[in-house]
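Morning, everyone. Please have the sequence and the model open while I talk. I'll go piece by piece.

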Amino acid sequence: MKDDFEEKILLELEDIRLSYSGKAILNHVNLSILSGRLIGMVGDNGLGKSTLLKLMAGIMQAELGLKKVNSSGISYILSVEQLYSWMKVKDALLFYQNFYDDFDLMQAKELLKKYHISEKQRVGKLSKGHGEIVCLILGLSRKVELYLMDESLSGIDPYFKKDIKQFLLENMPENSTLVIATHLLKELEFLLDEIIFVTKEGVFQIETETIRLEYGMSVEQYYLEEVSHE
């Protein structure tokens with residue numbers, strides 16, 4: 001996603017804190033999300049990845065700290081479980097068209113045809129892979145600068161996953177950014193510019209190139225050997 005352009009900060013979190021039932025979920029989080037990036041969010045279950053994404057999207061609010069948004073909009077890509085199972089795919093298109101002024105209905109329809117997904121199919125009858133592709137198409141057909149996705153590629157066809165970077169480049173606006181929370185490091189690290197690690201000790205971000213050059217490791221090796229034991 002990088003190119004010869006002037007990067008800008010799309011979103012900043014400064015000393016963000018959030019707790020649930022008296023337990024700190026996010027504590028002193030500081031992040032800067034730049035334009036033109038593909039960013040992975042990695043961490044063990046229960047450490048706050050989903051909470052952090054929802055806070056970035058504005059679905060949840062921090063108790064303390066400051067969030068600065070400097071993007072044209074944020075698209076939080078739903079999981080298929082978050083759509084009504086009785087909906088037909090065309091109902092989901094209509095919902096997005098009515099709810100979001102930045103939704104590109106033509107792009108969404110063309111992508112559904114490309115991946116042989118009928119608008120007449122019920123969401124609850126879609127295969128896991130097709131359901132994930134539908135949600136990806138819906139979310140990416142919004143013309144914004146920042147996209148957020150939470151574990152939405154586990155069921156997708158290996159052939160689609162292999163071409164996922166090309167799919168993103170073709171369907172995301174130029175210089176936009178995607179943040180994806182994932183456990184699929186081995187499969188996806190080749191397309192990521194940087195990683196946000198969510199650990200018991202806190203949240204930090206690092207360039208994938210830094211991991212490879214300075215530590216001589218793949219992102220997965222770095223996570224397993226340097227991060228996950230913290």
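Which residues of helix α9 are buried? They are Val219, Tyr222, Tyr223 and Val227, in a helix that spans residues 219–227. Buried means under 20% relative accessible area, exposed means over 50%, and partly exposed is in between, with a 1.4 Å probe and protein chains only. Seen down the axis of α9, those buried residues fall within an arc of 100°, so they line one face of the helix. The arc is taken from the directions that run from the helix axis to the C-beta atoms.

Quick housekeeping. This is a predicted model, where local features need pLDDT of at least 70, side-chain atom pairs count only at pLDDT 80 or more, and totals for chains, interfaces and linings use all residues. Residues are numbered from 1 along each chain as its sequence is written, and side-chain values use heavy atoms, with hydrogens and water left out. Helices (H or I, at least four residues) and strands (E, at least two) are DSSP runs, numbered from the N terminus.

Back to α9. What covers its buried residues? The cover includes β3 (38–42), α7 (185–188), β8 (194–199), β9 (202–207) and α8 (208–215). Contact here means heavy atoms within 4.5 Å.

Now Glu189. It sits in the loop between α7 and β8. Is Glu189 buried or exposed? Its relative accessibility is 10%, so Glu189 counts as buried. Its side chain reaches the backbone nitrogen of Val219 at 3.1 Å. That is a polar contact: a pair of N or O atoms within 3.5 Å; within protein, one must be able to donate a hydrogen and the other to accept it, and residues adjacent in sequence count only if both atoms are side-chain atoms. Leaving out residues up to four places away in sequence, Glu189 touches Arg212, Ser218, Val219 and Glu220.

Next, the sheets. Six strands make an open sheet, ordered β5-β6-β7-β3-β8-β9, with mixed pairing. Two strands pair if DSSP finds at least two bridges between them. At the edges are β5 (74–77) and β9, and each pairs on one side only. β5 runs parallel to β6 (residues 146–150), over four bridges. In that pair, Ser75 stands opposite Tyr147 of β6. Helix α1 (residues 49–57) packs on this sheet, and its direction makes about 155° with that of β6. Axes are lines fitted to C-alpha atoms, for helices over the stretch in contact, and angles run from 0 to 180 degrees between N-to-C directions.

There is also an open sheet of three strands, in the order β2-β1-β4, with antiparallel pairing. β2 (23–34) and β4 (64–69) are at its edges with a single partner strand each, so one side of each has no neighbour in the sheet. Eight bridges join β1 (residues 9–20) to β2. Leu11 has Ile33 in β2 as its bridge partner.

Last, the inside. The largest nonpolar core has 50 residues, and Leu136, Leu153, Ile164, Phe167 and Phe197 have the most contacts inside it. Such a core is a set of buried Ala, Val, Leu, Ile, Met, Phe, Trp, Tyr and Cys residues joined through side-chain atoms within 4.5 Å. Helix α4 (residues 128–140) gives the most to this core, with seven residues. Apart from it lies another core, of 25 residues, including Leu18 and Met41.

One more helix. In α6 (residues 164–171), Ile164, Phe167, Leu168 and Asn171 are buried. Down the axis of α6 they fall within an arc of 95°, so they line one face. That's it from me.
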